[in-house]
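I opened this notebook to keep track of what I looked up. The entries follow the order in which I went through the items.

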Amino acid sequence: AEQEIKRLYVGKGYYAADVVTTITPIERNRVSIVFTVDEGSIAKIRQINIVGNKAFSESDLLAEMQLSTPNWLSWYTRTDQYSKQKLTADLEALRSYYLDRGYLEFAIESSQVAITPNKRDVSLTVSIKEGERFTIEDINFAGELLGKQSELTSKLTLKKGDVFSATKLAESTKAITELLGSYGYAFAAINPQPKLDKEKRQVSLTLVVDPGKR
């Protein structure tokens, strides 16, 4: 239990947290257990490095992250206070940033957290692989189209020649499901299937339509 309590604090950035367990015998063969917690101070981020970026500057990428080094607003935003949950959210923010700009093969290769011996300062290093930027070669439909392919096509926010964008693809699939919903297909599903041509740096999208029951 003592280690579990410490693990909870470490997960929120309290690396200096300490837990002392006191066990006191009481009547009827029972014991009283008291956990005394010294939280210490939460670790502050002193440095954030992004390694492997070429298409975008480190400052542009850091602007997408909520974690930051101390600044004049840190007392309010607490963005300079490290936690595993914040880092996880920031890694997903970086992934979304690249996927919205055509980098379909983007990957987080590693994320390293280094803590000073006094457990008060943290430095982060995020290593990424950008890959190549992909444009749309074509977009096709498959599945049960209900004779409404022209209407489905009109809902696409991506078109041939565009740089791939995960957000625009999500907007398109949402608009199509809403259109099918207006015809009574409340449980319609759209399954995008990408096919990459790495040599041409193009992606063909097939949107498989499953309208479900009306």
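**Charges over rings**

I began with R101, whose charged end sits over the ring of Y97, 3.7 Å from the ring centre. I note here that the model is a predicted one. I then looked up K148 and found its charged end over the ring of Y183, 3.8 Å from the centre.

**Aromatic pairs**

How many aromatic pairs does a search of the whole structure find? I noted six. For F56 and Y98 I read a distance of 5.2 Å between the ring centres and an angle of 80 degrees between the planes; the angle is over 60, so the pair is edge-to-face. F56 lies in the loop between β3 (44-51) and α2, while Y98 belongs to helix α4. The two are 42 residues apart, and the pair links distant parts of the chain.

Y103 counts as buried, at 11% relative accessibility. I wrote down one aromatic cluster formed by F56, Y97, Y98, Y103 and F106.

**Helix α4**

I turned to the helix that holds Y98. Which residues of α4 are buried? I listed L87, D90, L91, L94, Y97 and Y98. They are on the same side of α4 because they cover an arc of only 120 degrees around the axis. Their cover includes α2 (58-62), β4 (107-115) and β5 (121-129).

**Helix α6**

I did the same for α6, residues 166-182. This helix has 17 residues and reaches 24 Å from its first C-alpha to its last, close to the 24 Å expected. I listed its buried residues as L169, S172, T173, A175, I176, L179 and L180. Their arc around the axis is only 160 degrees, which puts them on the same side of α6. K174 and S182 are exposed on the other side.

What covers the buried residues of α6? I noted that the cover includes β6 (135-143), α5 (149-154), β7 (189-197) and β8 (202-210).

How values were computed: Residues are numbered from 1 along each chain as its sequence is written. This is a predicted model: local features need pLDDT of at least 70, side-chain atom pairs count only at pLDDT 80 or more; totals for chains, interfaces and linings use all residues. Side-chain values use heavy atoms; hydrogens and water are left out. Helices (H or I, at least four residues) and strands (E, at least two) are DSSP runs, numbered from the N terminus. The expected span of a helix is 1.5 Å times one less than its number of residues. Buried means under 20% relative accessible area, exposed over 50%, partly exposed in between (1.4 Å probe, protein chains only). The arc is that of the directions from the helix axis to the C-beta atoms. Contact means heavy atoms within 4.5 Å. Rings of Phe, Tyr and Trp (its six-membered ring) pair if their centres lie within 6.5 Å; planes under 30 degrees apart count as stacked, over 60 as edge-to-face and the rest as tilted. A charge sits over a ring if NZ of Lys or CZ of Arg is within 6 Å of the ring centre and within 35 degrees of the ring normal.
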